[in-house]
Amino acid sequence: TRRRSRSPTAARNGSKPADGSAAAPAAAGANGGISSISLLTYNVWFKEEVAVLERMIGLSDIVRRAGLPTFICLQEVTPLILEILVNMDWWEQYTPSPHPHDMTYFSLLLVKRSAADPSQSEAAFSHREFSNTAMARGLRSARVSLAGRQLLVATTHLESPIPPHAFYTKERQQQMAEALRTLHADAAGNVLFAGDMNWEDKRDGAPPLPDSWVDAWATLQPGRPGVTYDAKNNPMLPFKGTPPLRLDRILCKLSDWRLGGIELVGTQQLPGVTYTHRLRNGGSKELPVLPSDHFGLLLRLQPV
């Protein structure tokens, strides 16, 4: 990168917002109940050699601008990325899911401490690996009580296609079905299932949503593509022939909450930050840097 990097431990003070404040996403209503909650899902890109500190500072700016979402689902978190995020000034406001210590990257689920009911000391996390995974992929979830409403939040990173040789379509379809079956059978009346699902409808078919489940983007933004991996509009991606893909999804089963709004985040370049992309012919090209190779999704919900 062209802009000078700072150490992870320096990131805490060096990345605070100018106003030093943000509105709480699990906002209290006039009656003392919760008037809204929010969820951010983001594949943060494990490629540490591409301005990783600057990118995680950019991610932290998104977290703050979103008002510190109630839930944060992250994929492709590496030990170094985790070290950087732990030193951000907003981290202490969250309870993170346990993370493996023997993996090069993993998914992480964060629950805002102030959102859970006082009677619940902390979120109840669980993790199960998919039965057919060759990439150590699984379903990570947290059970939370919000204003007396039970909510199950889950994140995943389904099996990744490796073109042109292996697309893992069958494995991904089985994983999606296994995850939805598990979540739908849960006693919680409200379920949020978010993450990098590596899903492409033309290749993988429509997600097998059970009755009463919805795709948040398709419901709130009908007719808009919702592309989260976009070589055309993400100048950091060098391979412009890659088709636009809606790899990241938020799938919901709701009884006590209703969908409010959804938007793409992380679509802007980081000012003054570039990286050198090495070309196959031995040359190089200077490219801008965004927080990730994916765009993130921010969903807001209100109580019924």
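Two strands count as paired if DSSP finds at least two bridges between them. Helices (H or I, at least four residues) and strands (E, at least two) are themselves DSSP runs, numbered from the N terminus.

The model is predicted: local features need pLDDT of at least 70, side-chain atom pairs count only at pLDDT 80 or more, and totals for chains, interfaces and linings use all residues. Residues are numbered from 1 along each chain as its sequence is written, and side-chain values use heavy atoms, with hydrogens and water left out.

**Whole chain**

Start with everything shown as a cartoon. The protein has six helices and 14 strands. Of its 304 residues, 52% count as buried; buried means under 20% relative accessible area, exposed over 50%, and partly exposed in between (1.4 Å probe, protein chains only). Residues 24 or more positions apart account for 73% of the contacts with a separation of 6 or more, where contact means heavy atoms within 4.5 Å.

**Stop 1**

Select strand E8 (residues 190-196) and strand E10 (residues 248-253). These two run antiparallel and are joined by six bridges. Within this pair, Leu192 stands opposite Cys252 of E10. Cys252 counts as buried because its relative accessibility is 1%.

**Stop 2**

Most residues other than glycine have a negative phi, and most peptide bonds are trans. Select the loop between E7 and H4, where Pro164 lies. Pro163 and Pro164 are joined by a cis peptide bond, with omega about 0°. Tyr168 lies in the loop between E7 and H4 as well, and its phi is near 50°, a positive value in a residue other than glycine. At 25% relative accessibility, Tyr168 counts as partly exposed.

Move to the loop between helix H5 (201-204) and E9, where Ser212 is found. Ser212 is not a glycine, yet has a positive phi of about 80°. With 51% relative accessibility, Ser212 counts as exposed.

**Stop 1: helix H3 and its cover**

Which residues of helix H3 (residues 79-86) are buried? They are Ile81, Leu82, Ile84 and Leu85. These residues lie on the same side of H3 because they cover an arc of only 160° around the axis, the arc being that of the directions from the helix axis to the C-beta atoms. Show helix H2 (52-65), strand E2 (71-77) and strand E4 (106-112): they are among the elements that cover the buried residues of H3.

**Stop 2: two nonpolar cores**

A nonpolar core here is a set of buried Ala, Val, Leu, Ile, Met, Phe, Trp, Tyr and Cys residues joined through side-chain atoms within 4.5 Å. The largest has 28 residues, and Leu74 and Trp90 touch the most other members. Strand E1 (37-43), H2, E2, H3 and E4 each supply at least two residues of this core, and H2 gives the most, with seven.

Select Trp90 and its surroundings. Not counting residues up to four places away in sequence, Trp90 touches Ser60, Val63, Arg64, Leu68, Ile72, Leu85 and Leu110.

Apart from this core lies another, of 27 residues, including Ile37, Cys73, Ile250 and Leu301. Cys73 counts as buried, at 0% relative accessibility. The structure holds zero disulfides, a disulfide being a pair of cysteine sulfur atoms within 2.5 Å.

**Stop 3: strand E14**

Finish with strand E14 (residues 296-303). How many of its eight residues are buried? Six are, which leaves E14 mostly covered. E14 pairs with E1 in the antiparallel sense over five bridges, and Leu40 has Leu298 of E14 as its bridge partner. Strand E11 (residues 257-265) also runs antiparallel to E14, joined to it by eight bridges. There, Trp257 stands opposite Pro303 of E14.
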